[in-house]
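Please have the sequence and the model open as you go.

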Amino acid sequence: MKKIEHSYLERVGLAHRKKFAQFFTPKFITEFMLNWILAGSTHTHIFDPAFGLGAFYYHCPEKVHFLGQDIDPEILNYFTSNFPNADVTLFNKNYLLSFGKKYQNIICNPPYLKFQYFDDRKLIFEEIEKHYGVKLSGYTNIASAFLVKAICELATGGRLAFIMPSEFLNTGYGKTVKELLILKKHLYAIIKIECETDVFSDATTSLCILLYDSAESTKNLSFFSVNTIDKLSNILNTTPVSSIPYSQLNPDVKWDVYFNLHSTEYTYSNSRLVKLSTYGHFSRGIATGANEFFILKKSDITSLKLEERDYIPCITKSCQITTPIFDECAFKDLLNADAPVLLFNPTDPISPAAKMHIEYGEKNEFNKGFLTKNRSPWYKMEHRNQAPILLNVFSRGGYKVVRNYSSAKTLTSYHCFYPNLFGNIYIDALFLYLYSRTGHKILSSAKREYGNKLAKFEPNDLNNAMVPTESFLSSIPQHKIEELLMNLRKGIDIQPDLDEMFQPLLTCNHFELERHFPNN
C-alpha cells in the first residue's frame with residue numbers, strides 16, 4: 001500500500017493533494033479502527049465516505065462488503081487501475097452533498113481542510129441543517145462536517161470510527177458537534193493521539209480517534225490518551241484517563257480537560273478572576289492577502305521613490321520582536337537594518353510613485369487574490385490602531401507577550417489587544433499578568449493544540465480567558481508596576497516578583513478536579 005501511495009503522490013503532485021486535503025491512513029490505525037467496528041457490529045457492510053486509495057478496504061476481511069465514496073475522480077481512477085479486481089462499490093461524489101442513505105457501519109479518515117478553504121460550505125451547512133436539523137458554525141472545518149453527517153446517517157446497530165483533528169473538542173464551532181454527541185449518547189470513547197507525527201509525518205494538527213456505537217447508549221464517555229503508537233492496539237483494555245457521565249459533560253468547556261485528570265498543574269481561583277473582555281478585546285493583526293506586494297523595506301522605499309504617506313510602520317514577523325518591551329528605538333533599529341517592517345498603504349490623493357506600484361501589483365495580478373479582490377480599493381489596508389499589547393498567535397512552550405510602546409501596527413503573526421475605556425488604566429498591570437508564569441498557566445486553557453505540540457491562540461479564546469479582577473489589579477501599587485517595567489527594560493528577571501504578586505490567583509487543582517470529575 002505504501003508503494004501505491006508514493007507513486008500516486010509523485011503522479012498528482014503536492015498541489016492536487018493539498019486541494020483535496022489527502023492524508024493516507026497508516027496500517028496500525030486502519031486495523032485498530034476496523035477491528036473495533038467488526039468486533040461489535042452485527043452488520044456486514046462498511047462505508048468509507050473519503051475512500052482515497054482505499055487503505056481501510058485494503059486491510060478489511062473478505063467477508064465484509066465495502067462501499068466507498070470520494071470527490072476526487074483522479075484518486076479513484078488510480079485505485080481502480082491498481083486494483084482492477086477489487087470487490088468494492090465506489091461512488092465519485094461529494095459526500096457532503098449526497099443525502100438520502102443510511103449506512104450500516106462507517107469508517108473514515110476525512111479530509112483535513114480548514115474552513116477558509118472549504119468550498120461550498122454555506123450550501124453544505126444549509127443542506128445538513130435542512131436534512132438533520134444541525135446548524136453548524138461557519139468556522140466548522142471539513143472533518144467535523146463529515147463527522148456530523150456520518151453520525152446522522154449511521155444505521156441502528158452500526159458502528160462508526162473516525163480519525164480526525166481533535167481541534168473541535170476545544171473550539172467555539174465544536175460546541176454544536178459536542179452537543180450532538182451528548183444528545184445521542186452513543187459515543188463510546190475518544191482516544192487522543194499524543195504522537196501525531198507517528199501517524200501523519202507532516203501533520204500540523206492534533207489527532208483523535210472517535211468510536212461510536214449506535215447499538216448502545218452509554219452512561220459515560222471514556223477519554224483515553226496514547227503517547228506511543230504501539231499502545232493503541234490495547235488501549236481499550238486499559239483504564240481511561242477519565243470516564244465522564246453524559247449528564248455531566250459540558251459542551252461549553254474545552255474537552256481537553258478530560259484528558260488531564262492526573263495533571264499536577266495548579267488551577268485558578270474563580271473569585272479573583274474575570275474574563276479578559278471586561279477590559280477590552282484581542283483582534284487579529286492585519287491580513288494583507290499578498291505579503292510579497294505589500295511588505296516593504298527601507299531600501300524599497302528609496303528604490304520605488306514612495307512618499308511617507310504611502311506606507312505605515314508594521315511588524316510583519318513574530319521574530320522581529322525579541323524583547324517583552326518594544327518601543328520606537330527598537331523599531332528604528334529594525335528599519336535601519338533594512339528589515340521588512342513597512343506596509344504599503346497609500347492615502348488619497350495617490351502619489352505618482354504609489355500609483356506605479358499599484359499598477360505593478362495589478363500587472364502581476366496581486367489584486368485577484370482571495371482577500372484583495374474583495375477589498376475596495378484592493379490596495380487599501382484595513383484600519384488598525386496601534387495596540388499596546390501584542391500576543392503571538394503560534395507558540396511552542398509558552399506564548400510571547402509584548403508591551404508595545406511603538407507606533408507600529410502588526411500583521412497576523414500577533415493578536416492585538418485594544419483596551420476599552422475601563423481597561424485603559426490597567427494596561428501595564430494586565431501586561432505584567434500576561435507576562436507572568438501565573439498568567440501563562442491560566443491562559444494555557446485558552447490555547448488550541450496542533451501537531452508536534454504547536455499551540456495556537458484565537459482572539460475569541462483569549463477574550464474569554466481569565467484575568468485578575470479590577471479590585472485585584474487596583475491593589476497593585478503603581479510605583480511597583482513602574483519599577484517592574486523599568487527592570488524588564490534593563491533585562492532583569494522579574495518573574496520572582498511576579499510570582500509573589502499573582503500567586504494568590506492560583507489554588508491547588510483539587511477544586512477544579514472536583515468540578516470537572518465529580519465521580520472520579
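**Exercise 1.** Find the ring that the charged end of Arg-489 sits over.

*Solution.* Start at Arg-489: its charged end sits over the ring of Tyr-405, 4.9 Å from the ring's centre. The rule used here asks for NZ of Lys or CZ of Arg within 6 Å of the ring centre and within 35 degrees of the ring normal. Then try Arg-159, which lies over the face of Trp-36 at 3.9 Å from the ring centre.

A word on what you are looking at: this is a predicted model, in which local features need pLDDT of at least 70 and side-chain atom pairs count only at pLDDT 80 or more, while totals for chains, interfaces and linings use all residues. Residues are numbered from 1 along each chain as its sequence is written, and side-chain values use heavy atoms, leaving out hydrogens and water.

**Exercise 2.** Work out which stretches have pLDDT under 50.

*Solution.* First, the overall picture: pLDDT, the predictor's confidence in each residue from 0 to 100, averages 89 for the protein, and 91% of the residues score at least 70. Next, look at residues 262-266, where pLDDT stays under 50 and the model has 10 contacts beyond four places in sequence (a contact means heavy atoms within 4.5 Å). Residues 508-520 also have a pLDDT below 50, with 27 contacts beyond near neighbours in sequence. Where pLDDT is low, the predicted coordinates should not be read in detail.

**Exercise 3.** Describe the aromatic pairs that Phe-47 forms with Tyr-95 and Tyr-103.

*Solution.* A search of the whole structure finds 33 aromatic pairs. Rings of Phe, Tyr and Trp (its six-membered ring) pair if their centres lie within 6.5 Å; planes under 30 degrees apart count as stacked, over 60 as edge-to-face and the rest as tilted. Phe-47 and Tyr-95 are tilted, at 5.9 Å centre to centre with 50° between the planes. Phe-47 and Tyr-103 are stacked, at 3.8 Å centre to centre with 10° between the planes. Phe-47 lies in strand 1 and Tyr-103 in the loop between strand 3 and strand 4, so this pair ties together parts 56 residues apart in sequence. (Strands are DSSP runs of E, at least two residues, and helices are runs of H or I, at least four, numbered from the N terminus.)

Finally, check burial: Phe-47 is buried because its relative accessible area is 1%, and Tyr-103 counts as buried at 9%. Buried means under 20% relative accessible area, exposed over 50%, and partly exposed in between (1.4 Å probe, protein chains only).
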